[in-house]
Amino acid sequence: MTRILHILDHSLPAHSGYTFRTRALMKAQAAKGWEVAGVTGVRHPEPGQAKGDGGETVDGLTFYRTAPIAPARSPIREWREIAALAARVEALVRDWQPDLLHAHSPVLDAMAALRVGKRMGIPVLYEIRAFWEDAAVGNGTGREGSARYFLTRRLETHAVKAADAVAVICDGLRGDLIARGVDPAKIVVSPNGVDLDLFGDPLPRDDALAATLGLAAGDAVIGFIGSFYDYEGINDLIAAMPALVAAEPAARLLLVGGGPMEAALKAQAAASPVAGHIHFVGRVPHGEVERYYSLIDILAYPRKKMRLTDLVTPLKPLEAMAQGKLVAASDVGGHRELIEDGVTGSLFAPDDPAAIAAALAAMLGDRAMWPERRHTARIFVETHRNWSSNILRYEPVYQRLLRRDPPSLAA
């Protein structure tokens, strides 16, 4: 039986798009009969309580942890993180004896996996969900064009070329790697998907929850559910609300989540002439998210235009489609891979509050198209973006690696 060790930045019980993709992937692999386990690096935010070296079981999945390390300045800190994770992976390889190492971004995880894989003769697949250098720019901890940016980019390219195979979540990332000189036959695209066991049966409108939030039955609710990072463009969505309310007085904006921009966004909303139409919920338990989806008519994703958003596809629009919700999003590369304008959703110009207001007003003014749009989007997710089908993309790559075939023979 094939054993796969997933090497991760963090995992359940922490909640993020990263951990939910990991959960879906590992669950689908386990359902196929493969043995799977995960190991997290020192950045995992919730160490948990594992018994001895037996790992921590969360939602039926086993995760091993790496012990904390002493603080240090960059780049010494990162090299120590790689060394600590590599030592943990090597110990697990000797004990659990996996057939394959499946490392997930960031690149520190890949470097640790490659160190162990080379030493112990185990093939390594490196899966990239976003380039670390672009993610740092997106979350405000890095600057494009800086020395750190270029050094991180070089490290990423080195890891990709050293890995036995590479998986990416979208065509944008694949194209960027090919432009760096990576053999296209070495790369498989495994797109973001939805676990329909979690998001497959939308809940009816939760009237009691709506009442606690001050939402009336006739309100037209625009929603955002996710993390409040600058690149998400939530400030543009708030800025669009006065024009939207002028066109549709019943419009309300429901913001569910939290993050670095939360205080600034709340201040912006409080100063808005339509402040009473903007509602902040805060973070909610993952098990409660569907209740908030039930209140929303249109999910809005106004991501700003930058390398990160042009190259990387988000997960949230797919979840919204699975919930039978309308979707409106900025016209950036990552959204265009998920949304066909006028068919499965609506696209508007990025970084433009007026364009956001116009697109949302047009959708609210054409309710006759809502049932067909919702149905078409749901069918798209069921057919092309669910994990039961996405898992099939890994199988030929795993088989090739285990046979030690060259990339040119990859399926």
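How many aromatic pairs does the structure hold? The structure holds seven of them, where rings of Phe, Tyr and Trp (its six-membered ring) pair if their centres lie within 6.5 Å, with planes under 30 degrees apart counted as stacked, over 60 as edge-to-face and the rest as tilted. Before we go on, please keep in mind that this is a predicted model, in which local features need pLDDT of at least 70 and side-chain atom pairs count only at pLDDT 80 or more, while totals for chains, interfaces and linings use all residues. Residues are numbered from 1 along each chain as its sequence is written, and side-chain values use heavy atoms, leaving out hydrogens and water.

Let us take one of the pairs. The ring centres of Phe 228 and Phe 280 are 6.4 Å apart and the planes stand at 75 degrees, so this pair is edge-to-face. Phe 228 sits in the loop between β9 (220-227) and α9, and Phe 280 in strand β11 (residues 278-282), so that the pair links distant parts of the chain, 52 residues apart. Helices (H or I, at least four residues) and strands (E, at least two) are DSSP runs, numbered from the N terminus.

Helix α9 (residues 234-247) also packs against helix α10 (residues 262-271), at an angle of about 5 degrees and with the axes 10 Å apart. Here axes are lines fitted to C-alpha atoms, for helices over the stretch in contact, and angles run from 0 to 180 degrees between N-to-C directions. The two helices α9 and α10 are therefore roughly parallel to each other, a label for angles under 35 degrees. Ile 234, Asn 235, Ile 238 and Ala 239 of α9 meet Leu 265, Gln 268 and Ala 269 of α10, contact meaning heavy atoms within 4.5 Å. By class, this contact has five nonpolar, two polar and no charged residues; Ala, Val, Leu, Ile, Met, Phe, Trp, Tyr, Cys and Pro count as nonpolar, Asp, Glu, Lys and Arg as charged, and the others, Gly among them, as polar.

Next come the peptide bonds and backbone angles. Most residues other than glycine have a negative phi, and most peptide bonds are trans. The bond from Ser 74 to Pro 75 is cis, with omega near 5 degrees, and Pro 75 is found in the loop between β4 (61-65) and α2. Another cis bond runs from Ser 105 to Pro 106, with omega near 15 degrees; Pro 106 has its place in the loop between β5 (100-104) and α3. Asp 59, although not a glycine, has a positive phi of about 55 degrees and lies in the loop between β3 (56-58) and β4.

Finally, look at Leu 155 in helix α5 (residues 147-162). Leaving aside neighbours within four places in sequence, Leu 155 is in contact with Trp 79, Val 107 and Met 111. Leu 155 and Arg 373 are 218 residues apart in sequence and 43 Å apart in space, C-alpha to C-alpha.

Notes. Parallel < 35°, antiparallel > 145°, perpendicular 65-115°, else oblique.
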